[in-house]
Amino acid sequence: MDLHYIGVNSRGRKEWAERELAAPYRPEGLVMEERQVEQYRPFVESVQACIGRDLTKDELSTVAWLAGYEQSTIDNIMSLIKTANLHGKESISKVEK
């Protein structure tokens, strides 16, 4: 995650660019308004904590897309990820016994 503050847009909202999602058609990165960044940042951090690594560019792109949804949708997706992570840990500990 490489967020860079851009400034205030014409609607009076703060904008940030996710530089890791730069592409030829958007060299500055993916531009997000503050509301989306407020959901994106903790979402990325939570997913990375569960999987134990940084997200790939494609994964970051998906998380950025999902961060535009309502918080309840993000919470449901995070619940699935956390449950899968816990299930994986439990499966590993059963095999080790």
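Select Arg 53 and Glu 59: the two form a salt bridge, with the closest N and O atoms 2.9 Å apart. A salt bridge here is a side-chain nitrogen of Lys or Arg within 4 Å of a carboxyl oxygen of Asp or Glu. Arg 53 is partly exposed at 40% relative accessible area, and Glu 59 is partly exposed at 26% (buried is under 20%, exposed over 50%, partly exposed in between; 1.4 Å probe, protein chains only).

The model is predicted, and local features need pLDDT of at least 70, side-chain atom pairs pLDDT 80 or more, while totals for chains, interfaces and linings use all residues. Residues are numbered from 1 along each chain as its sequence is written, and side-chain values use heavy atoms, without hydrogens and water.

Next, select Glu 33, Arg 11 and Arg 13, which salt bridges with shared partners join into one network. Glu 33 meets Arg 11 at 2.3 Å, N to O, and Arg 13 at 3.3 Å. Glu 33 is buried at 19%, whereas Arg 11 is exposed at 57%.

Move to Tyr 5 and Trp 16. The ring centres are 5.3 Å apart and the planes at 70°, so the pair is edge-to-face (rings of Phe, Tyr and Trp, the last by its six-membered ring, pair with centres within 6.5 Å; planes under 30 degrees apart are stacked, over 60 edge-to-face, the rest tilted). Trp 16 is buried at 19%.
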